[in-house]
Amino acid sequence: MKKFEVAVIPGDGIGKEVVPVSLKVLETVAEVHGGIKFDFQSFPWSSDYYVEHGKMMPDDGLKILKNFESIFLGAIGNPALVQDHIALWGLLIKIRREFEQSINIRPAKYFKGLKSPLVNPKDFDLIVVRENSEGEYSEVGGRIHKGDDELAIQNAIFTKKGTERAMHYAFELAKKRRGHVTSATKSNGIFHSMPFWDEVFNEVKEEYQDVQTASYHIDALAAFFVTRPQIFDVIVASNLFGDILTDIGGAIMGSIGIAPAANINLNGKYPSMFEPVHGSAPDIVGKGIANPIGQIWTAKMMLDHFGEEELGSKLLDIIEDVTNDGIKTPDIGGTSSTEEVGDEICRRLKQAVSV
Ligand code: NAD
Ligand code: IPM
Ligand code: MN
């Protein structure tokens, strides 16, 4: 029996609704498999925790998390209680950076049974490899309060190591897929970092003669996501560009509520973290209508990470079938609740094994 120890942080808002449903799905996966077991330990670290303790997690929070094989997180952010940058840098971004989760993988594909807003959504299947530890997300800079001359300076950090690492990851991934990498750049307008990004991309691509490449400015690339997503296989993007592209990735599938993600630690020193693309969705919290697919597909990515790819792809097939049969939440045109979608996925998982 293989046992996986998973730290669970439901977080804020709909995180607390979609995470329990996804854990039920994972328990069912373990049950039907018979040879694996999950040991979930849940932590209440969130904006509510901040209100009580003045911090998003305890001082030894990272020490506690370090012992787990992975972290399964819902979403963080409740701007009514804690300012977003305080909440996110105090938990989510802290974990990504301290645990050297330098790569964020975010797939998007044509999904059976979903009404995409695209005119011709058929057959797109792409993955954004987002650099996840540096770039535009930095604490370097500052604020100067000088009356009318008040200003804010925000520095972006692009190291050669970090940039190469993301690009190598993208090329290796493309070799296992359709052999194409697109670089998201903006070297026409951003003076230092993006010409550097292009240079590194041109160097790295020399090592992968069998992989085709393209490079588009992020503004045009974002438009191509909408007009012709079929041209993409793997896209490598900086932290911020990747963030923005992957909400579009969710939207072109039909809802950002279904888009999954994995924050990967590559050096094996720390756990990786699995959390969907979407946030805590304060506008729908408490209604029982949050789409759980983003979180459940994220659970599938965690299964892949544990080496259980076969099980993972069976789970994704079932998610698609359930959606195709109309058992879906309102954001994708259905009338089902978060729990009903989860329960139907569990039922079909059991059924798939009993036949
Ligand atoms: P959001 O992703 O929470 O919501 C954007 C829109 O998408 C909303 O209309 C919401 O109702 C809808 N939506 C999102 N997930 C959905 C789901 N599963 N089912 C149905 N509809 C869904 O983005 P936002 O409004 O910019 O941010 C809200 C809060 O979440 C903020 O505090 C923000 O910082 C935080 N946030 C956290 C994460 C994270 O923890 N990974 C990611 C993004 C945003
Ligand atoms: C995401 C989110 C986060 C990010 C925020 C909440 C800091 O938007 O995971 O996509 O920008 O990385
Ligand atoms: Mn985002």
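Q: Which residues surround ligand 2?
A: The model is predicted, so local features need pLDDT of at least 70, side-chain atom pairs count only at pLDDT 80 or more, and totals for chains, interfaces and linings use all residues. Residues are numbered from 1 along each chain as its sequence is written, and chains are lettered from A and ligands numbered from 1 in the order in which they are written. A residue is near a molecule if its C-beta atom, placed from the backbone, lies within 6 Å of it. Around ligand 2 are Gly77, Leu88, Leu92, Ile93, Asp243, Val277 and Gly279.

Q: How do the residues of the shell around ligand 2 divide by class?
A: Ala, Val, Leu, Ile, Met, Phe, Trp, Tyr, Cys and Pro count as nonpolar, Asp, Glu, Lys and Arg as charged, and the others, Gly among them, as polar. For the shell of ligand 2 the division is four nonpolar, two polar and one charged.

Q: How many residues surround ligand 1?
A: The shell of ligand 1 has eleven nonpolar, seven polar and four charged residues. Its closest members are Gly77, Gly257, His278, Gly279 and Asn291, and the residues around ligand 1 number 22.

Q: What is the mean pLDDT of the chain?
A: pLDDT is the predictor's confidence in each residue, from 0 to 100. For the complex, the predictor gives a pTM of 0.97 and an ipTM of 0.99. In the chain, 99% of residues reach 70 or more, and the mean pLDDT is 96.

Q: How far apart are the C-alpha centres of domain 1 and domain 2?
A: Domain bounds come from an automatic or database domain assignment. Domain 1 takes in 1-103 + 265-355, and domain 2 takes in 116-253. The distance between their C-alpha centres is 25 Å.

Q: Which helix gives the largest share of the side of domain 1 that touches domain 2?
A: Two residues are in contact if their C-beta atoms, placed from the backbone, lie within 7 Å. Nine residues of domain 1 are in contact with eleven of domain 2. Helices (H or I, at least four residues) are DSSP runs, numbered from the N terminus. The largest share, three residues, comes from residues 92-98, helix α5.

Notes. Helix = DSSP H or I, 4+ residues; strand = E, 2+ residues; numbered from the N terminus.
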